[in-house]
Amino acid sequence: MEPFRIFRVTAIAEAFSWTGLLVGMYLKYVTETTEAGVWLFGRLHGALFIAYLAATLWVARAERWSLWRVLFGLAASIPPLTTLIFERWVARRRPAAEPAAATA
């Protein structure tokens, strides 16, 4: 599978897991109704956080990103939902794909 595609999937999944974790934290600490959301999304987010970091390094190497772009990509994993913003920013700045060769 193409490195950028895996990067895109992990960036989106990491953001959704952040959302689930934030909802779980609200339910645990504000409404004090359940800890299930933190239990589930905490584990899920932890795994997706690591997957996002690995995918970022993989696509950075494959596409020869600058050091600054790599650092911003890795830092985007920390604030909630920032991986979505970074992924969109990078997608808009990628070179266009080579046109397919015409067949006669």
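**Figure 1. The protein chain holds four helices and zero strands.** Helices (H or I, at least four residues) and strands (E, at least two) are DSSP runs, numbered from the N terminus. The order along the sequence is α-α-α-α. With a radius of gyration of 17 Å, well over the 13 Å that the globule rule gives for 104 residues, the protein chain is more spread out than a compact globule. That radius is taken over C-alpha atoms, and the globule rule is 2.2 Å times the number of residues to the power 0.38. The C-alpha trace spans about 65 × 35 × 20 Å along its principal axes. This is a predicted model, in which local features need pLDDT of at least 70 and side-chain atom pairs count only at pLDDT 80 or more, while totals for chains, interfaces and linings use all residues. Residues are numbered from 1 along each chain as its sequence is written, and side-chain values use heavy atoms, with hydrogens and water left out.

**Figure 2. UniProt places "transmembrane region" at residues 6-27, 39-60 and 66-86 (unreviewed entry).** UniProt positions follow the numbering used here, feature names are shortened, and annotations may be inferred rather than shown by experiment. Residues 6-27 are 100% helix and 0% strand, with end C-alpha atoms 31 Å apart. For residues 66-86 the end C-alpha atoms lie 14 Å apart, and the span is 67% helix and 0% strand.

**Figure 3. UniProt lists residues 5-92 for "domain: DUF3817" (unreviewed entry).**

**Figure 4. The largest nonpolar core has twelve residues.** A nonpolar core is a set of buried Ala, Val, Leu, Ile, Met, Phe, Trp, Tyr and Cys residues joined through side-chain atoms within 4.5 Å; buried means under 20% relative accessible area, with a 1.4 Å probe and protein chains only. The members are Phe-4, Phe-7, Ala-11, Tyr-52, Ala-55, Val-59, Ala-60, Trp-65, Val-70, Ala-76, Phe-86 and Val-90. At least two residues come from each of H1 (3-30), H2 (36-63) and H4 (82-93). H2 gives the most, with four residues.

**Figure 5. Ala-76 is in contact with Tyr-52, Thr-82, Thr-83 and Phe-86.** Neighbours of Ala-76 within four places in sequence are left aside. Contact means heavy atoms within 4.5 Å. In the protein chain, among contacts between residues at least 6 apart in sequence, 66% join residues at least 24 apart. Of the 104 residues, 29% count as buried.

Notes: Buried means under 20% relative accessible area, exposed over 50%, partly exposed in between (1.4 Å probe, protein chains only).
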